[in-house]
Amino acid sequence: MSAESTPEPSIPGPGQSGTTGPGRRGRGRRRRPRTGRRKALLVAAWSAAGIVVLGGSGAGVLYFKLNGNLTSIDIDQALGADRPKKADNGSENILVLGSDTRAGGNKQLGGGTDDGTARSDTAMVVHVHKGHKKASVVSIPRDTLVDRPECTDTDGGEHPAARGVMFNSAYSTGGAACAVKTVESVSGLRMDHYLEVDFSGFQHLVDDLGGVEVTTTEDINDPDSHLDLTAGTHRLDGEQALGLVRTRHGVGDGSDLGRIQLQQAFVKALAHQVQNVGLLGNPKKLYDIADTATKTVTTDSDLGSVNSLMSFASGLKGIGPEGMHMVTMPVAYDPADPNRVLVEKTKADQVWTALKNDRPIPASATEGNAAGGAGGVVDTGDREPERAATQTP
């Protein structure tokens with residue numbers, strides 16, 4: 001990718017038409033911005049992590065300012081050559097992480113305490129199928145006990161392998177590179193891209209969108225995540241949305257698995273909101289969302305420019321909420337500790353093998369697994385709850 005930047009003959013301001021792409025502050029590689037008339041869906045969104053991907057239309061909106069917002073990290077250099085092979089079937093895999101760091105503007109958000117570390121509070125493998133009309137999304141529970149491989153972080157620090165540790169410890173140990181290495185080790189899939197969202201950016205993005213409408217089928221009250229909702233339809237602001245995707249004690253069995261079910265439902269609601277927000281008719285809102293998004297998301301270096309993000313988003317614009325199949329990696333409660341889960345290896349292998357071959361995930365792989373008991377608490381409207389039967393710990 002070229003590191004040179006080439007401006008358009010004129011760059012419109014926020015009151016004119018514009019282009020957008022997600023990312024965060026820092027070291028983006030710059031290229032000529034892309035033009036176009038159609039709004040692109042930047043697919044999926046993560047919560048409190050999770051996917052947040054948005055797209056735009058028109059000529060570049062303050063291209064250099066947005067490009068300067070971006071932060072990218074060179075995952076490929078840190079991981080080296082010892083990785084799964086790239087898929088040759090036209091599909092792509094994206095690891096989307098939500099970081100639970102309490103640094104900066106995140107300190108008072110989403111509950112929890114500042115212990116000086118950051119973990120991958122939310123992790124999703126997004127498999128974009130050949131043709132880019134459908135996506136399979138696999139959530140990896142943060143409390144899953146895994147064998148973490150030896151890894152090198154992006155500063156060159158080396159971290160020894162560890163057996164039977166929580167999945168989210170990979171990120172706190174060696175950052176994004178170690179998280180990617182661990183996901184590739186668990187799944188056997190190569191991650192083509194990496195996106196990370198933080199608490200503060202997620203909250204502001206929901207507010208810029210004007211909130212997200214959800215319908216809850218029962219009351220949710222969780223002081224830990226600062227969330228208090230009665231059953232019914234609500235338009236959640238950013239703080240409430242963050243509380244919803246962070247709550248684990250207000251609904252279900254109190255496990256991380258129930259929280260994942262809420263997160264997956266919210267992703268679909270957010271995708272509906274992105275489709276319906278009418279950005280083409282409101283260039284100021286488009287600019288505000290672009291500005292927030294590019295400050296919010298940290299990417300791999302291949303996506304580290306507005307131009308690259310727009311190209312990436314354009315390739316995903318055919319995927320709507322109805323084209324997203326969301327499951328949780330098959331797990332069972334750990335008999336020795338109900339707050340931890342163990343990989344159901346046979347079923348998990350079915351999931352990863354299906355994605356490796358660019359096929360739909362078989363229903364048999366996601367039936368009868370530990371689920372969390374929060375399925376259906378947020379009504380997605382598509383009547384396609386996660387295919388898993390709840391087990392009690």
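This is a predicted model: local features need pLDDT of at least 70, side-chain atom pairs count only at pLDDT 80 or more; totals for chains, interfaces and linings use all residues.
**Entry 1: Ala 363**

I looked up Ala 363 and found it in the loop between helix 9 (345-356) and strand 18 (378-379). Residues are numbered from 1 along each chain as its sequence is written, and side-chain values use heavy atoms, with hydrogens and water left out.

Is Ala 363 buried, partly exposed or exposed? I recorded it as partly exposed because its relative accessibility is 29%. The cut-offs are under 20% relative accessible area for buried and over 50% for exposed, with partly exposed in between (1.4 Å probe, protein chains only). I also noted that Ala 363 and Val 351 are twelve residues apart in sequence, with 9.5 Å between their C-alpha atoms.

**Entry 2: The disulfide**

I searched for disulfides (pairs of cysteine sulfur atoms within 2.5 Å) and counted one. A disulfide is a covalent bond between the sulfur atoms of two cysteines. Here Cys 151 is joined to Cys 178, with an S to S distance of 2.2 Å. The pair links distant parts of the chain, 27 residues apart: Cys 151 belongs to strand 6 (residues 151-152) and Cys 178 to helix 3 (residues 169-187).

I next traced an open sheet of three strands, in the order 13-10-18, with antiparallel pairing. Strand 13 (232-236) and strand 18 stand at the edges with a single partner strand each, so one side of each has no neighbour in the sheet. Strands pair if DSSP finds at least two bridges between them. Strand 10 (residues 212-216) and strand 18 run antiparallel and are joined by two bridges. I found Thr 215 opposite Asp 379 of strand 18.

Axes are lines fitted to C-alpha atoms, for helices over the stretch in contact, and angles run from 0 to 180 degrees between N-to-C directions.

The axes of helix 5 (residues 238-246) and helix 6 come within 7 Å and cross at roughly 135 degrees. That makes helix 5 oblique to helix 6; angles under 35 degrees count as roughly parallel, over 145 as roughly antiparallel, 65 to 115 as roughly perpendicular and the rest as oblique.

**Entry 3: Strand 2**

How many residues of strand 2 (residues 92-99) are buried? I counted eight of its eight residues as buried. In a regular strand the side chains alternate between the two faces of the sheet. In strand 2, Glu 92, Ile 94, Val 96 and Gly 98 point one way, and Asn 93, Leu 95, Leu 97 and Ser 99 point the other way. Strand 2 runs parallel to strand 9 (residues 193-198), and six bridges join the two. Leu 97 has Glu 196 of strand 9 as its bridge partner.

Terms used. Helices (H or I, at least four residues) and strands (E, at least two) are DSSP runs, numbered from the N terminus.
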